[in-house]
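Here are my notebook entries for today.

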Amino acid sequence: MSFLLRCPNCGPRDVAEFRYGGQIVPQPAVGSNLPEVQHERWYHRYGCRRWLAARRDVRTNEVLQTAWLGEESP
Amino acid sequence: MTVPGTPPLPPGCFTDPARPLTFTFEGRTIPALEGQSIGAALYAAGVRIFSRSFKYHRPRGLFCVSGDCPNCLMQVDGRPNVRTCIEPARPGQVVMGQNAWPSLNFDMLRVFDAMSSFLPVGFYYKRFHKPRWLWPIFERVVRHIAGLGRIDVLGRPDLETEVEHLHAEVCVIGGGLTGMAAAAAAAEAGADVLLLERQPRLGGRLSEGDEDSPYLKKQVAALKTYSRIRVLCNTHGFGLYEGNVVGAFHERTLLKVRAGQIIVCTGSRERPFVFQNNDLPGIFLWRGVRRLADLYGVRAGGRAVVLTDNDEGILAAVGLRQLRIEVVALIDCRPSPGLRGSEAFAQFPGLKISRGVVLSARGSKHLKAVRIARENEDGTLDRASEQEIACDLLCMAGEPVPANELLLQGGMRFRHEGGRWGAERRVPGLWAAGGAAGTCRHAGQEGFLRGAEAAAALGYPSPSLDKYRGEWEARPALALGHSQAALSPQPQERDGKCFVCFCEDVTAKDVKQAVAEGFDHIETLKRYSTIGMGPCQGKMCGQNFSATCARLTGRDIGAVGTTTARPPAVPVELAVLAAERRHHPVRRTPLHHWHQAAGATWLDVGQWKRPESYGDPTAEVRTVRSGVGLIDVSTLGKIEVVGPDAAELLERIYINAWADLRVGRARYGVMCTEEGIVFDDGVAARLQARSASEGNHFYLTATTGNAEAVFQWLELWRTTWRLNAVVLNRTSAFAAMNLAGPRSREVLGRLTGLDLSPAAFPYLAAREAEVAGVPCRLLRIGFVGELGYEIHCSSTHGQHVWESILEAGADIGLKPFGVEAQRILRLEKGHLIVGQDTDALSSPLGAGLERMVKLSKPLFHGREALLRLKEMAPRARLVGFHLSEGATRRGENNWARELEGCQVVEQGRSVGRVTSARYSPTLAKYLGLAWIPAARATAGIEFLIRCDGADLTASVAPVPFYDPEGQRLKN
């Protein structure tokens with residue numbers, strides 16, 4: 001993986017700076033893991049150290065939208 | 001093979017004649033010039049056999065002289081599979097052949113050539129299966145023979161590799177005519193350009209032919225006028241990855257280039273011809289002969305036959321004459337008019353051209369002659385025309401095929417039209433130009449255009465874009481490429497071995513058989529026949545493979561397509577790829593240097609260095625049990641949670657209750673994942689109220705290896721639940737030490753004014769007070785099972801506090817103790833260590849932590865899963881055990897550690913495992929913790945542990961083993 005994620009604080013950064021935090025799904029369901037646009041948590045480990053939410057197409061790794069976790073529009 | 005009287009060639013343009021050197025090859029001393037490749041120097045010294053083929057151990061010589069083919073792989077200074085045709089010679093190098101026994105020149109394993117009918121295509125799916133008892137014998141032989149070079153498994157100390165991250169607006173791969181044009185056009189428009197070239201200098205094919213090419217000089221000079229262009233030579237691009245990242249390496253440095261736009265200008269390479277014995281020393285690609293002479297100053301032979309299917313054949317014949325190599329025949333395998341109709345022929349009318357095909361090459365260790373024949377109009381052979389031509393060099397000048405591996409990796413598609421592959425430009429941010437795009441002529445114009453277009457895509461309008469586009473579109477139409485029939489090899493399959501894939505020794509006959517067996521899709525055919533799976537990864541065979549498959553299945557080459565291209569496009573050493581993993585950060589506690597001076601032996605715990613002991617762990621255990629000891633626990637994760645919702649956050653994260661924890665009290669807590677698996681444990685304290693925090697200030701400790709994960713976990717859920725609290729990771733900010741033992745109160749009392757009486761500072765209380773003049777947080781807890789105080793202070797004062805405590809207790813025998821003693825002490829108490837005694841399947845219900853689970857809480861992590869797990873009841877439990885008397889007489893007490901990880905067996909089947917085991921000096925017994933079936937988890941039941949092939953008897957024992965009532969903790 002070498003795509004870019006846009007951190008709301010730090011701007012576009014290499015995905016290697018982030019830790020993946022799983023799919024955002026209603027608790028306590030498990031992730032759908034389907035080839036579609038997924039709603040995910042990411043943690044900017046080597047940056048501002050904050051959690052964000054991203055909409056990513058897992059087929060192409062295109063990140064369509066990012067926002068702070070808990071503040072994203074539904 | 002030089003014909004006597006022929007003057008030597010001028011030194012190659014990569015070499016420095018003023019700097020001769022020598023290296024050794026199989027014990028022989030070989031002279032070379034600096035810059036000359038090992039392969040060229042060996043060729044000049046008369047070496048003709050460079051390697052032995054993978055399966056049949058055929059002798060092989062230099063072939064492509066560009067690093068693309070597998071023919072020259074050798075062992076250089078212990079490194080296997082070095083492409084010696086391009087690897088520069090260095091003084092004192094030790095070069096050895098590989099995949100041959102006893103030597104390259106005389107290889108006994110050549111016997112496989114005669115046995116080829118027993119090794120048909122896909123033989124590893126067919127042979128050695130029956131009878132089954134024979135396989136172990138075959139396996140030893142096969143494993144010995146298989147593979148090419150030998151890896152030095154003991155490792156070499158010189159694996160110095162680095163990684164560099166580069167950023168460029170435009171990255172141009174390939175510094176030939178096209179690449180230089182693309183770089184210049186992009187820079188002219190205002191973009192920053194990174195130009196990667198695999199050879200030691202720019203120029204690509206312009207370096208060949210005429211050393212002082214005025215055009216090349218002009219181009220290189222033009223590039224130098226742009227400060228925006230950074231040129232990296234000796235740099236090999238091996239992969240294109242998502243996000244427009246180029247993987248490349250420069251010597252032993254891994255380069256990760258993130259580029260806005262990528263322009264691939266990697267040129268083309270010639271297609272080899274397929275005929276009997278077509279991979280024999282003396283048979284070269286024409287451009288290989290050219291490179292050997294022009295770059296390294298070595299002549300490939302004296303009497304040459306040129307075999308061609310395109311107009312480059314003329315240039316080859318003319319070029320050979322320039323090199324003073326006699327051209328005894330120029331064979332054009334196209335139907336009439338072929339070369340005679342070409343523009344080039346008009347310029348060199350004196351050339352004699354024979355029409356026909358090469359049937360076979362003769363020679364056992366080197367080419368002696370080729371047999372040729374004419375083809376009739378209907379494609380059959382005119383047997384009457386067969387003749388043999390003596391020669392020592394065969395130059396194959398086949399139709400150039402795009403060197404497009406990187407483009408295909410990047411998602412670019414190629415269509416086959418008019419006998420040629422052409423790029424379909426559809427991938428955003430990726431451009432193809434020149435030979436790599438399938439452009440044979442006017443590659444420079446295409447380079448300029450793509451460079452300007454790439455810059456325009458970045459928002460740099462190029463003033464010359466329209467001019468470049470006009471020039472490109474006005475280029476003269478190219479004559480059609482060859483029809484599919486001419487492009488397909490027409491090997492005479494019955495006439496022995498016509499190699500399609502040189503790396504894996506796959507012949508045209510093998511491909512035909514594989515297709516007949518039903519593998520008619522190019523991808524399945526590849527996997528079954530192993531074509532294209534060798535070191536060259538299809539660079540030599542790709543086109544012939546597609547063409548052969550097309551002919552055998554009656555389809556068009558375009559419909560057959562090519563196999564999927566994946567990185568790496570060129571061989572990369574694993575050490576280079578692992579460059580980023582070579583550095584391991586080491587964390588040291590604030591007391592590290594004190595431990596070092598005290599002679600501690602070190603234990604690696606995650607990134608941390610911890611003192612394992614200061615000499616005798618058993619004595620350290622006794623000191624703690626009978627007097628008082630001090631251990632550095634600075635590696636514990638230390639996290640502060642402050643705010644109105646702090647208690648709520650803890651309540652939801654830990655499985656036990658927190659809301660009722662009073663100020664000044666501490667509590668042991670366990671966290672679970674959503675799946676109800678133990679994630680971490682530790683102690684948290686509610687610190688004294690200050691005006692700002694109003695008692696909403698918690699101080700958490702986490703397991704050493706889990707500090708960061710616990711912090712991220714708290715931060716994730718604080719954010720998700722929008723709780724009003726702040727989470728801070730203070731792990732490195734605090735030093736921490738544990739003063740433990742019956743006399744610890746006495747020692748601490750000498751350093752603090754705090755009332756330490758059991759009533760004022762009871763078990764599980766938390767206080768803030770000065771110790772040795774330093775503000776500290778004190779927690780009265782007892783991991784090791786004695787009266788004890790965990791003392792946290794700022795890291796800067798850690799050593800002062802540590803030394804002050806040791807000094808205060810010196811007269812009553814206070815000694816430091818290490819992790820090993822601590823592990824024995826905690827095991828005597830039956831305390832588990834998360835990650836050692838638990839794993840990714842351990843729920844608190846089986847791990848003896850049932851009392852911690854507070855299912856009455858409405859919401860906490862793991863609650864749903866734990867409710868379900870509770871209904872099911874655990875299948876396995878973590879229990880304490882003693883080793884039975886008979887099993888314990890094995891000499892040294894220390895051996896018990898070996899039990900950790902051993903299986904618990906029942907009737908020979910594994911039913912559990914030992915997670916901790918030690919000899920307890922306090923109880924004079926072997927103790928441990930083990931996961932065993934829940935049905936057997938009753939005190940007194942015996943079970944077997946398999947260790948070193950012997951079964952030891954153990955019996956389940958209640959925990960804690962030591963001080964079950966906990967009196968010593970609480971007094």
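I began with how helix axes are drawn: they are lines fitted to C-alpha atoms, for helices over the stretch in contact, and angles run from 0 to 180 degrees between N-to-C directions. Helices (H or I, at least four residues) and strands (E, at least two) are DSSP runs, numbered from the N terminus.

This is a predicted model, where local features need pLDDT of at least 70, side-chain atom pairs count only at pLDDT 80 or more, and totals for chains, interfaces and linings use all residues. Residues are numbered from 1 along each chain as its sequence is written, chains are lettered from A and ligands numbered from 1 in the order in which they are written, and side-chain values use heavy atoms, with hydrogens and water left out.

**Entry: a helix pair in chain B**

I looked up helix H5 (residues 177-189) and helix H11 (residues 443-457) of chain B, and found them packed at an angle of about 35 degrees with axes 7 Å apart. Their crossing is right-handed (the near helix is turned clockwise from the far one by less than a right angle). Contact means heavy atoms within 4.5 Å; on the H5(B) side I noted residues including Leu177(B), Ala181(B) and Ala185(B), and on the H11(B) side Gly447(B), Phe448(B) and Gly451(B) among them. By class, this contact has 11 nonpolar, four polar and no charged residues, with Gly counted as polar.

**Entry: chain A against chain B**

Next I turned to the interface, to which chain A gives 18 residues and chain B 17 residues. The two chains bury about 1500 Å² between them, 47% of it on carbon and sulfur atoms; buried area is the accessible area (1.4 Å probe) lost on putting two parts together, summed over both.

How many salt bridges are there between chain A and chain B? I found three, a salt bridge being a side-chain nitrogen of Lys or Arg within 4 Å of a carboxyl oxygen of Asp or Glu. One pairs Arg49(A) with Glu708(B), the closest N and O atoms being 2.7 Å apart.

**Entry: a bridge within chain B**

The structure holds 55 salt bridges over all chains. I picked out Arg271(B) with Asp309(B), at 2.8 Å from N to O. These partners are 38 residues apart, Arg271(B) in the loop between strands S14 and S15 and Asp309(B) in the loop between strand S16 and helix H8.

**Entry: backbone details**

I looked up two cis peptide bonds, Pro567(B) to Pro568(B) with omega about -5 degrees, and Val959(B) to Pro960(B), also with omega about -5 degrees. Pro568(B) sits in the loop between helices H17 and H18, and Pro960(B) in the loop between strand S47 and helix H27.
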